[in-house]
Amino acid sequence: MAHDLAILADEWFDGERLHRSPATILVDAGLVAAVLPGHQGPRAAEILRTPFAGPGLVECHCHLFLDGVETDGRRREAHLAAGEQAWLATGRANLRRMRACGITAVRDAGDRWGINHRLRAEAAVAAEPLPRVRSPGRALRRKGRYGGFMAEEVETAADIERALAARTDADDLKIVLTGIIDFAAGTVKGAPQFNAEELALLAAGARRLGIPTFAHCSGLDGLRLAVDAGLGSIEHGFFMDQAVLARMAERGVGWTPTWSPVAVMAERPGLIGLDAASVAGLERILANHRRHLALAAQWGVVLLAGSDAGSCGVAHGDALIGELEAMQAAGVPLEACLAAATAAPRRAWKMGAPLLAPGAAADLACWEVSPRESLAALRQATAVVVGGRLWRAEAAVAAAG
Ligand SMILES: [Zn+2]
């Protein structure tokens with residue numbers, strides 16, 4: 001019987017381990033049917049030969065309706081008032097940009113208008129294979145506090161319960177726990193938005209809904225609260241310290257370090273007119289992040305790769321690979337970097353079988369260069385498979401005649 005698809009890879013990654021030997025990956029009815037050693041000669045409707053194949057990548061934190069390529073402050077501001085059609089168009093373009101990098105699943109981190117839910121529905125039935133979208137809908141923030149572009153406001157326990165009851169269509173619960181960073185002062189602006197009792201309420205509500213929690217959180221006050229509440233993952237996590245990190249390992253709290261938005265500011269301070277003191281502050285913040293990233297990998301903290309794409313200068317697709325490069329530069333071993341964008345999120349969010357093995361969803365990607373040689377080369381996938389459906393990069397299609 002002919003298979004739907006066969007991928008003959010020279011090297012492959014299974015979500016945790018790199019295999020420096022050829023394999024044949026067979027796909028039937030949207031699932032991985034077999035992973036056989038060597039290059040077999042299977043009968044299949046489509047046969048792909050590739051230097052490297054692996055699970056499709058997961059972007060663990062982005063904002064689909066925002067355009068991360070845009071760096072002009074006034075135009076970014078105007079986009080927030082551009083309306084549904086413009087936001088949807090941006091989101092569609094972002095999904096294609098991410099697919100081009102081999103991304104087959106994305107977790108949106110909140111938008112105030114629920115464009116993320118609509119893109120999730122569209123992508124699921126699109127004529128072309130697009131990344132699967134996980135959507136929290138609107139995030140939750142304290143009334144009047146940071147997070148206006150992505151969150152709904154709550155104030156009382158009754159508000160929180162109402163907001164939770166309205167989230168039956170959410171894949172995740174996004175909580176805006178702290179404010180943003182004051183780069184020059186090297187602090188987070190304001191106290192945490194929710195206290196321990198409120199966080200417990202949110203965590204219990206998410207458990208009832210059966211969905212993971214993730215919290216925008218930087219600064220020690222917020223980090224301690226998030227870990228004590230046992231939230232699913234900490235997003236950003238700037239100003240991390242060893243005591244918090246050790247408790248994260250102990251309690252299984254994940255960390256999405258979103259290196260990119262801060263790194264962009266350090267590289268291009270002119271974008272938002274940062275002064276020398278702020279740039280020096282940024283460098284210290286990134287150095288601290290780097291140290292704790294390496295420790296997180298050593299101590300077994302669940303690392304999740306998310307770029308916060310949509311932030312100023314943080315482009316969808318491209319920036320996720322940048323996150324992996326930053327992890328590697330900080331001292332995280334290559335396999336752990338790759339796992340942060342494959343098996344780790346699939347396992348943390350219970351998205352089916354986390355490893356590339358028989359029975360797993362056929363969410364796969366092929367590249368021309370092994371990440372052992374260059375993580376940067378992951379920016380150009382030659383083929384992407386979502387639920388067994390094949391998309392090929394135009395250059396690859398052209399080369400094949
Ligand atoms: Zn974000």
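Helix α1 gives four residues to the lining of the largest pocket, the largest share. Helices here are DSSP runs (H or I, at least four residues), numbered from the N terminus. The model is predicted, so local features need pLDDT of at least 70, side-chain atom pairs count only at pLDDT 80 or more, and totals for linings use all residues. Residues are numbered from 1 along each chain, and side-chain values use heavy atoms, without hydrogens and water.

The largest pocket holds about 910 Å³ of space. Of its 35 lining residues, those closest to the centre include Tyr-146, Pro-261 and Cys-312. A pocket is an open set of points on a 1 Å grid over the protein atoms alone, where a 1.4 Å probe fits, with protein on both sides within 12 Å along at least five of seven lines; lining residues have an atom within 4 Å of a point. Volume is the space filled by probe spheres set on the points.

The second largest pocket has a volume of about 440 Å³. It is lined by 23 residues, with Ile-211, Pro-212 and Gly-232 among those nearest its centre. Helix α5 (residues 196-209) supplies three of them, the largest share.

The model also has a zinc ion, whose protein donors are His-61 (NE2), His-63 (NE2) and Asp-308 (OD), 2.1 to 2.3 Å away. Donors are N, O and S atoms within 2.8 Å of the metal (3.2 Å for Na, K and Ca); water is not among the atoms, so the site may look incomplete. In sequence, the donor residues follow the spacing H-x1-H-x244-D. His-61 counts as buried because its relative accessibility is 0%, and His-63, at 3%, is buried too. Buried means under 20% relative accessible area, with a 1.4 Å probe and protein chains only.

Definitions and conventions: Buried < 20%, exposed > 50% of the residue type's maximum accessible area, 1.4 Å probe, protein only. Helix = DSSP H or I, 4+ residues; strand = E, 2+ residues; numbered from the N terminus.
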